[in-house]
Each structure stands twice: as structure tokens, then as C-alpha cells.
Amino acid sequence: MPREGLRYQTYSRRTLLLAGLQGLALAALGARLYYLSVVNGEKYRLRADKNRISIRLIAPERGEIFDRNGEKLATNTQDLRVLLVPEQADQLQPTLKKVQQIIDLDDRGLSRIERRIRRQRKFVPVTLAQGLDWETFSRLNVEIPRLPGVQTDAGLSRLYPGGEAIAHLVGYLAGPDEEDVVKSPLYQLPGFKIGRQGLERRYESTLRGASGTRRVEVNSVGREIRELPPREEALRGSDLHLTLDMRLQQYVMQELGEEAAGVVVLDIATGDILTMASSPGYDPNEFTRGISNANWQALLKDPRAPLLNKSVSGQYPPGSTIKMVVALAALEQGLISPDTTHYCNGKHRLGNHTFHCWQNRGHGKVDLMQAIAKSCDVYFYELAEKLDIDLIADMARRFGMGAVFDVGIDGEKEGLVPTREWKRIFQQQSWQLGETLNVAIGQGAMLATPLQLAVMTARLASGQQITPRIVHKNGDEPVFHQPLDVNPFHLETVKRTMEMVMEQGGTAHDYSRRKSAPRLAGKTGTAQVRRITLEERAGEGGVLDNSELPWQSRDHALFVGYAPAENPRYAVSVVVQHGGGGSSVAAPLARRFLDKTLELNTTQTEEQA
Amino acid sequence: MGTAHMFGPRRLQKSVWQRFLGLNWGIVLATVMLASAGFAMLYSVADGTWDPWASRQMVRFAIALAIMLIIAVIDIRYWVAVAYPAWFAGILLLFAVEVVGDTGMGGQRWLDLGFMRLQPSELVKIATVMAIARYFHGRSQIQSRSLRSLIVPLLLLLIPFALVVRQPDLGTALMIITGGVAVIFLAGAPAWLFVVSGIGVTAAIPIAWQFLRPYQKDRILTFMNPESDPLGAGYQITQSKIALGSGGMTGKGFLEGTQSHLNFLPEMKTDFIFTVLVEEFGLVGAAIVLALYGIVLTYGLLIGIGCRNQFGRLLASGLAVTLFLYVLINVGMVMGLLPVVGVPLPLISYGGSAMLTWMLAYGLILSVSTHRHVTIAPKGSGII
């Protein structure tokens, strides 16, 4: 078969040629694979890891805030939640319906959840409900095997057990603003919150702690598959220990009721703020959960300004509570002795202007003791005529007026201590003597915060430069205060007068007080917020009583005091905004606060007990 | 039959059972091993479950294996006889799904056989090789060298090619043309013809470029520079290369492929299954699989050297070249050596068409081997 042989030869040759080409092609594939997996293997391994490994932050647990007795003011609680992962649910509607039978979820909430499910990626959990109680949570956990896609979860959320009583101190948390989000990667964690007010804001860096990291394996759409070691745990934030006594704080808030008021109670020996109350309060928990617009508007519109921390941000004319400082200025100048008397007939003329005493018919002949005990204004008009305003200002500053103590609470105001220079700079006018007369009875331009009034009282009582504090900085280190640059004899004199305020004939005398009760010392003040016209004064009914006035025009009622009188340990200041008279409104409250403080005996050490 | 075939008839007396026992069982075993690698990878792609892919693929393979063995023992002269009719039937089916399918069957390009869907274009790959082999079987060496005898083979080749290009299915079209050209080459057409054609095709590429559809151009451009489109088509190649490379020498382990199990890879159960395999079994696993393909395909290519009839020689080699192209395009594609043209890896990729093509072709190749001593008259077998 020659023909067949030729064909066969060609075929065989060419087949072997093709086989060779195939071999070459296979070798090329092998070489390429060798190049990818061995020569460049490391590079591709890194790229594969970069694909699948994602570094995620672990939010740190926030530090807690405690009062001086270890009671929790701000804490973290388990927030029991129920979530739904849409992609794992067989059928969305029946699953949601079944969950609805267990948790409290209305149809509006349900449609909101359904909208969320439609918007986001199917593997991202949607929160169905949070803040569940244990019973509901357990019932859900029992049902979960029959509810594919439903998960229960226990996260942490901030809780303020003290609620309204301490809202102004601790503040609250809220989610970071849009523009804040870039500042820290932590802010991008879902549900991460930062301090927005009060101590929570001021001590944010202390309380927050440090975030940890974990490595997770993710798939191509970013879903977390599992966690890979190593994990760097988050560092819990430091706790904050306050000088506050929550029991006293609660008591004070309760007694203040619906009044718009600021109260500060100080431990004189240390300057510890035992109570810093501002009424009315608000619930900080509501803010942390996310306050509704209606409630927010209500808080903003309330004339009693619940959002304002009146203890440090409220600035009030001190009224007659300033009289001890004015008396000291006069004593230090040698202008008067304790026995110096003046005659009060209810009014005092300066040029063609008449200054009135609060007591229309006058106090008659009064010495310094009686002038303070009965709060005679005319006596102080007489002093003021001889005292320069700058001398009063200097003495007021020594007692903490016009000072910001920076205790750690936002919005601490400095009040106002008027001087000649102040008048010249801020009003471009020279000081008038009549203004000194007004300042001497605490009306005028002078303004003070309840905190400053409490500090003033503590300094009067101790003769030392007491500085207030609310955060324990270095544990129980003893506190030393510099003595005040005031003659101790003069200070004793003024303290006697403050004791007389509480005695028979004093403006804050309590007839019902038992003889065995601790003796207190103090001073009432009534700060007028309206101008009393000549017509009103001359009219038939005379000066209108506070009860006849609208709330906004009523006087501020003030009281400063300390206890026990012979061995001062606690100082208090009470300012009831538009509360009426200092003796009728503020003094009874202050007495109760001081008695309660003594009863709690909170600062007594164990050895003393 | 005359005395010229005195050895033939005697050997043909072998029973079907004898022929069955005489099959090349080594090749059958290699085929089963390749398919098993496919089952394992489909099990892995389904995150360690037989459902839904591995189990179905096993059923398909069992049926296809039976078909292969039946074809292998059928007398080769039947296949000579059905060569032209098979080609005509294939062309008719292509017309049916092309013309009728586009309008009447919602654009589908396959026929439902119950256990698998068959694309006529797959059958045409085999039928074209059969028909051209049948044509040259009847031509002498002299005739085979003349240009005139190229007219019929070129028609047999270009008609299905044109129909498949119209689909458009570039991968299949390329395989049809390569298989056909390989048969013409092996039959003895002048060598200069292939050199000239090669130059001509290269020169024609810029013109052909104009006729490509936009997505086809995109694929080729992306292949040239995958990083230019890291999230689109380039993403597939880039992720596939990461998976191949990160597997290293021995791979990440069965079921441990991160690129595959975390869904960074595209089309894992079909076009990119080789990538999954290399990621989990490394260069070693890839070498074993490529070596198995190499053994099986080289066997197919060279079986004709021991064959006494031109039809069998051309058929076996032509089919082996066609199947080799399958493997080359798929593996080259996942490695970034060739554009992404959507050609599966036969036996391993999920799906019936490529597997059936492979098994039908190997049925024929085994049949050629079984009947290698049979001589067939130039005009046909005379059986039908």
C-alpha cells in the first residue's frame, strides 16, 4: 500500500509535531503557574490576606461615675436587644409577625423596620427592639430556634440611676456629630456615644478608655465570617469618683420640688461639694437613648430653664447675703467697730434720691449685730457712703466672688464684682456713690452663682481660702487651705452676727426649732428683680407682695449658712429663683439641708465615729 | 470483501464483550480521576456539601461514562457511515436553535435532554471533525495535497464556524476551526498553506477587530491590562491570579481556599474551577491535573499512529486537538494568559455540555483504538 504508506508518513510526522506543540503549551501553563505561585507566591498570599482580613475596632467600656459613698451615678447596663439578619430569615413577614407577638412593637415601628431592611445590605442586622426586660428576652431566646434570622444580643448602654437629680452634673452621652466622625475611627462604630454635657463631656478622655482591635475574616461583600487571633482587648475607661453625696443630693432635689433653684452644700474642711443641685432637673437617660423632639422643645421652652445648671451657671444678685462681706470691708478699714450704731427710720437720703430699707417703718437704733440679724438696709447705706466700691470689691474677691473655680462642670460662670474700672470700661461712665449703696445691700450690678455664695460662706465660717472640688483627684490626700487675709477678730464678729440671724429677732429664726437641735448660722437674702416705682410705694397697698406678682417678677429668695454654728463643718447656699422672701422660702429649705447633712454625717471619718 | 482485507474480517469477529474488555482502561481510569477532581472541587465550592452541584455532576458523569463506553465498542465503520449525516444533523440543530430558538424558544441555545442541556454547537465540534476526517479518508496522498480537495473540507468547516460566530460564541468557534484545520493539516495539505494562512490571519486581526462586539473588545482589552478595570472584568482575572498565586506549592488545603470560600472569585463552579483547585491544592495539585490531561490528550493524539485506517487516525487526532484547546483556553484564561472567553474546563467544571462533548469524543477515540486494526474501504464501510 504505497499510497497508504505515504499518507501514514505525513500523518505520523505531523501528529508528532502537534504532540510536541501540545507539550510545549502544557509546559508554558506549568511555567506560568510556577511563576504565580512560587516566584510571586508571597505577594499573592499577602494580597489574599488583604482581601479577607479586616481590622475592626473594639469599643472600650466606659468608666463609671461614683459618689463619695460608692453609689453609682453613671453606669453601664446590659442592653438586651433583638436583631434580625434579613438574609437569614426564610420569610420576612411571618418572622416579623411572630416576633411582634412577643415584643411590644406596633405597626408603625414594624413598617419603619421594613423600610430599614429594604435600604441596607441583607447581612447587616436590623435592631427590632432594645431595652428589653429579662422575661421578654428569655421568651425570645426560647423561640429563636423557630425564628431563623432572629438574634438576641446583650450590648452596653449608659444608665444614670440618679436620673433627674444629677443630670446637670454628669451630663449625658450622644452620638458623634457628622463632622466629628472623621476625628476618631471609634466614632464610626455603630452605637458609639461620647460625652455631650457635664462631667461626661469634661472627663471624656478619662472615662472613654482605649479601643482594642480584632482581626476578622470578611468575604467579598464585607460580611464578617469569623474572628482571627490575635485580639487586642479594649482598655476600660477610668472611673470617676465624686465628692458628691447622692443621698443628700436626692434629698435636696426632692425638697426643692418644682421650684427653679440652685443649691450647693460644701464640706468646709476639704471644699468637697456634697451637693450641687439645680432644679428642675431633666432625665439624662432620655438624652442617651435619644430624646424626642417634642420633649426637647418642652425642655427648651420651660421658663424655669431645666437645662441650665443654676448652681454654676445661674448668676443672681446676692441680696443681703453680701452684707457680711461689706461689714468686713468696713471693719477692716476701721470705719466701724462692732458697737457702731446707726438709726434706721426706713429710708436713707442721698442727694435727691431716697434709698429704702426693706422694713418700711425702720429698725430704730441698730448696731452691727442687729443690722445683720435683722438685715437692716439703712445701716449698710451708712457704711457704703464711707466705703469705696473698690474696697468692697476687694473683700468680695477674697471670699471667692467673681472667681471661676473650674471644678469640672461645664458652664461655670464668674458672676460679677463691680469696680470703678469695670464701670469705666464696660459702661464708659464714672462710678456713682448711689451704686455703692445698692451693691452694699446686694442689689446693684453685683452677681454671684450659688457655688460662689457657698464658697463665700465656707470661707467666712473657716477663715480659710476654701476651694470647691467635685472630683476626687488624689484619693484621700489631706487638703490644706491658706488662711484668709482677714483679721480673725473681725471674722468672729461677723460669724456672731450670722448666728444672731437664726436667733429670736433674726430674719431666719425658727420658733418651732427644738433647743437640742444643732445651732446654725446664716444670712437671708431677697434679691429684687423689678424696679419698685414711687407710685407703688406711695399707693394704698404699699409695695406689692410677691404673691400678687407674676412668677417672673417675684424676688429671688436666698440663704447662705453653715453648721454647726460653734464648729462649722458644712456650708450651704440656696437660691430659689423668683421664690419670694429669703426668710420665708430659702431659710427653711437651707435649715433642712444643713440638718440633713449633719444627720448623714457623711464626711466623718471612722476614727471620729 | 476481497482478500486485501483478509485480516480484518477475522478480527471483526470479536464479540462486543471482547471489545469491551479490550478497551484502554488506563485512559478510562484517568478520565474518572479527572471527573473525581471535579466532584471534589464542586463539593468544596458548595462549602463542603454534595448538594447542589457535586451530586448532580456525578449523575451526569455516570450517564456520560456509559455513553462513552457504548460508543467505544460500536464498530468504527458505523461512525464512518454516520459522519456526514451527523454533520448535517448538527448544522440543522444549529439552525434550529439559532433561527427558531431566537424567536420561538426565548433565545435559548440548548436542547433539553432531561439529564442535561445540550448545546448543538458542542455536537458540531465533534461532527465537523468526523466529517472532514471522513472526507480525507476517501482521498489519496496525491489528492489530499491538491488545493481542489480543500474546497469540501473548508465548506464543512466554515459553515458551522459562521453559524457559531453568529451566536456569538467565540470560544466554540475557535475550537471548531482549530479541530478542522488540525484534521486538514494531518491529512496532508501542503505545509506552505498553513504558513501563508498564519501570516494572513495575523494581518487580518486589525480588520477582524472592527467586527467584534463591544463586550468582546472589552474582554480582550481587559486581558491586556487587567488592572485597568479592577472592579469589572479585570477583577475576575486579578482575583483569580491572587487565588492561584496564594495557593503556593501545596495549596491552602481542601475546603480552606479563602479566595473561593469568601466569594472573591467569580464563576467558581464553572469557568474558574481550576483556580479553586490550585488555591486549595497548590502547584502540586495543578501539576497532577495538568499531567492527567496531558496523558489522556496525548494518548488521543497519538493513538492514530497505531491505527490502520485514515478515518480513525484523523478522527482521534482531530478530536484530541479540539479537546486540548478546551483545556488550554480555560487554564490560560484563569491564569491571565488568555482573555476571559467563557470556556469551561471539561470534566471538572460544573455543567453537562462540555462533559458530554468530552465523553462523546473519547468514546470515539477509544473506538478508534479498539478498531485500530480494521481497514476501511475509501468509499466507506459498506455496513450501512
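Started with a helix pair in chain B: helix 8 (residues 151-165) and helix 9 (residues 170-187) pack at about 170°, axes 9 Å apart. Axes are lines fitted to C-alpha atoms over the stretch in contact, and angles run from 0 to 180 degrees between N-to-C directions. Over 145 degrees counts as roughly antiparallel, so helix 8 of chain B and helix 9 of chain B are roughly antiparallel to each other. I took helices (H or I, at least four residues) and strands (E, at least two) as DSSP runs, numbered from the N terminus.

This is a predicted model, where local features need pLDDT of at least 70, side-chain atom pairs count only at pLDDT 80 or more, and totals for chains, interfaces and linings use all residues. Residues are numbered from 1 along each chain as its sequence is written, and chains are lettered from A and ligands numbered from 1 in the order in which they are written.

Next I checked who touches whom (contact: C-beta atoms, placed from the backbone, within 7 Å). Helix 8 of chain B contributes residues including Leu157(B) and Phe161(B), and helix 9 of chain B residues including Ile176(B) and Ile184(B).

Then the chain contact: 34 residues from chain A and 44 residues from chain B. Helix 1 of chain A gives the largest share of the chain A side, 21 residues.

Last, I looked at chain A as a whole. I found 22 helices and 19 strands there. Of the contacts in chain A with a separation of 6 or more, 74% are between residues 24 or more positions apart.

Key
Two residues are in contact if their C-beta atoms, placed from the backbone, lie within 7 Å. Angles under 35 degrees count as roughly parallel, over 145 as roughly antiparallel, 65 to 115 as roughly perpendicular and the rest as oblique.
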